[in-house]
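This report looks at one protein chain part by part, beginning with a space at its surface and ending with single residues. Please keep the structure in view while reading.

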Amino acid sequence: MQQLKCHNDREWFNAHKDEFLRCQARFHELVEEVIKEISVFDPVMATLTPKDCTYRMNRDIRFSADKSPYKTHFSAFIAPRGKNSGLGGIVPY
């Protein structure tokens, strides 16, 4: 992700998409493990998948001064019914 900070454009990202997909898969594995551990004390979370909790890589640049199209980090929010539920949750680091 460090290189993405220097080359934050569509052409570079598409050329390195395989690397991104490998990193994303590893992040999803981590999120899955965190969900499993949280489910020990909060069974409601057991039905969540990493896709329910992780955010997309593209940034919303419509109203931003920074027009970089991609985030330079992965992020997740683990909450009952997923990231868009409006409920309180956990941000794993």
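## Terms and basis

Helices (H or I, at least four residues) and strands (E, at least two) are DSSP runs, numbered from the N terminus. The model is predicted, so local features need pLDDT of at least 70 and side-chain atom pairs count only at pLDDT 80 or more, while totals for chains, interfaces and linings use all residues. Residues are numbered from 1 along each chain as its sequence is written, and side-chain values use heavy atoms, with hydrogens and water left out.

## The largest pocket

On a 1 Å grid over the protein atoms alone, a pocket is an open set of points where a 1.4 Å probe fits, with protein on both sides within 12 Å along at least five of seven lines, and its lining residues have an atom within 4 Å of a point. The largest pocket holds about 160 Å³ of space, and of the 16 residues lining it, Phe13, Phe20, Gln24, Met57 and Asn58 are the closest to its centre.

Helix α3 gives the largest share of this lining, six residues, and α2 and α3 each supply at least two. Sorted by class, the lining has eight nonpolar, six polar and two charged residues; here Ala, Val, Leu, Ile, Met, Phe, Trp, Tyr, Cys and Pro count as nonpolar, Asp, Glu, Lys and Arg as charged, and the others, Gly among them, as polar.

## Nonpolar cores

A nonpolar core is a set of buried Ala, Val, Leu, Ile, Met, Phe, Trp, Tyr and Cys residues joined through side-chain atoms within 4.5 Å, where buried means under 20% relative accessible area and exposed over 50%, with a 1.4 Å probe and protein chains only. The largest one has nine residues, namely Phe27, Val31, Ile35, Ile38, Met45, Leu48, Cys53, Ala76 and Ile78. Helix α3 (residues 17-41) gives the most to this core, with four residues. Apart from it lies another core, of six residues, including Trp12, Phe13, Phe20 and Tyr70.

## Two single residues

Asparagine 8 sits in the loop between α1 (2-6) and α2 (10-15), and it counts as buried because its relative accessibility is 16%. Leaving out residues up to four places away in sequence, asparagine 8 touches (heavy atoms within 4.5 Å) Ser68, Pro69, Tyr70 and Thr72.

Glycine 88, in the segment after α4 (50-53), counts as exposed because its relative accessibility is 62%. Glycine 88 and glutamate 19 are 69 residues apart in sequence and 32 Å apart in space, C-alpha to C-alpha.

Terms used
Grid points are joined across faces, edges and corners, and a volume is the space filled by probe spheres set on the points.
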